[in-house]
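Trainee: I would like to learn how to read a few features of a protein model. Could we go through them one at a time?

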Amino acid sequence: MQITGIRSGLTRLGNKQGSTIVFLATVMAMVVNFGGSVLNTRMLSKVSFGDWKFIQSYLLFISYIVNFGIYQSGQRLIAKTTDPQKIQLFKGYLIYSTLIGWLVMLLLTVLAGFFKGILSSHIFYLLLIHFPLFVIHPLMFYFESVYQGERKMVRLAIYRVLPPVMYVLSLFMMYSLSTSNVAANILLYYGTYLVAFIILLKGDRIHFGRKGEELNLLLAENKSFGLNIYYGSLANVGTAYLLPLLVGFVGLDNSGVGQYSLALTFITPLALLPAVTGASHYRNFANIDRIPGSLIRRTALLSFCILTALVLSIDFIVDIIFGPAFKDVGTLVQIGALAGTLHGFGDFFNKFLHANGKGVQIRNVAILAGIVQLGSSLVLIYFFAEWGAIIARGIGSLTYFGYLFYTYRRNS
């Protein structure tokens, strides 16, 4: 009875203050992750830090390859379903997809290891020996899609905060062992995330069924909707994760990857407010034809206040926290800041179109943005390394936002 009462209370809280709770939790997670990056720059050399960020970017990139749109399909079906048993079965099939995706990631990495120039022998070795831990990447898709589909905002907030907090605490505890040791950092990061995810899964209600009506519904939804989202995400988001890999390919070492990644730790949070607002209203968006104007205006005002504050203070922040070795990070942030905010608004309108089943339109927008971003990056990164990467990312984000906003206006 007591546990049921607690769950009921958390559900009511999430329904009333979902957007605020997830936003605050995500801000907290961003701050904690930033603290982790600061510790990493202290514990690792500039080149080793770049290696660490290269590994993360590689894993994020191939995790998008094995997504196949099944999580987006499950999210939409869960959002439209009121039957708890069906929801539990949908979640079970998504867990099966997670394990399959992890195995495909392993196969892709083994294949990549046979082609010189894709992965150095050092990076390939680190990936292979730690691969069991990398199942957390497809699990990230699971938690994001399920919690948004069920509108369990409190659980979504816990998912976003708990793993980075555990990781940073482990860094403090194992500081001496992790210094100048990329392998130890991989073990701490992915190990703590996996423990946190196991805790979350134990508290989730999942039913692992055999082939049945729910699986047929999921596959049909994926064919008509999810695959369209997948192609678009692979072209847009997947390409974004490819950029630091390209910086590593053209550089003498991975130090440029580190500087680019640090710049993204400041730029990415600019997309946070509009993206979280869209995510927390996902279930409501599924039942309306147009986003309330007051919601758009309020989100825009707060977002651009945050943007202005960051641009004016970034040089001071970088100098105090990272020192002169990373002074170029401030300029990289100023170049990409506006595009980062607009990308968040692209995600905001994306959620509305997603909730209303506009999979083909979202796919087309994302593919266009991905093509623009990839095309510009191949030229700009070759000549300007991390500077070209940040400009190419900005061009892609502007394209993403502009076309999504146009698509929303045309369909509402």
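Predicted model: local features only at pLDDT ≥ 70, side-chain atom pairs only at ≥ 80, totals over all residues.

Trainee: Is serine 48 buried or exposed?

Mentor: Buried means under 20% relative accessible area, exposed over 50%, partly exposed in between (1.4 Å probe, protein chains only). Serine 48 is at 17%, so it counts as buried.

Trainee: Which side chain does the side chain of serine 48 contact?

Mentor: The side chain of serine 45, in a polar contact at 3.0 Å. Such a contact is a pair of N or O atoms within 3.5 Å; within protein, one must be able to donate a hydrogen and the other to accept it, and residues adjacent in sequence count only if both atoms are side-chain atoms.

Trainee: How does α16 bend, and where?

Mentor: A bend is the angle between axes fitted to the seven residues ending at a residue and the seven starting there. In α16 the bend is about 150°, at phenylalanine 384. Helices are DSSP runs (H or I, at least four residues), numbered from the N terminus. Helix α16 covers residues 359–411 and spans only 13 Å between its end C-alpha atoms. A straight helix of 53 residues would span 78 Å at 1.5 Å a residue, taking 1.5 Å times one less than the number of residues.

Trainee: Where is serine 48 found?

Mentor: In helix α2, residues 46–65. Serine 48 lies 23 Å from isoleucine 317, C-alpha to C-alpha, and 269 residues away in sequence.

Notes. Residues numbered from 1 in each chain as written. Heavy atoms only, no water. Helix = DSSP H or I, 4+ residues; strand = E, 2+ residues; numbered from the N terminus.
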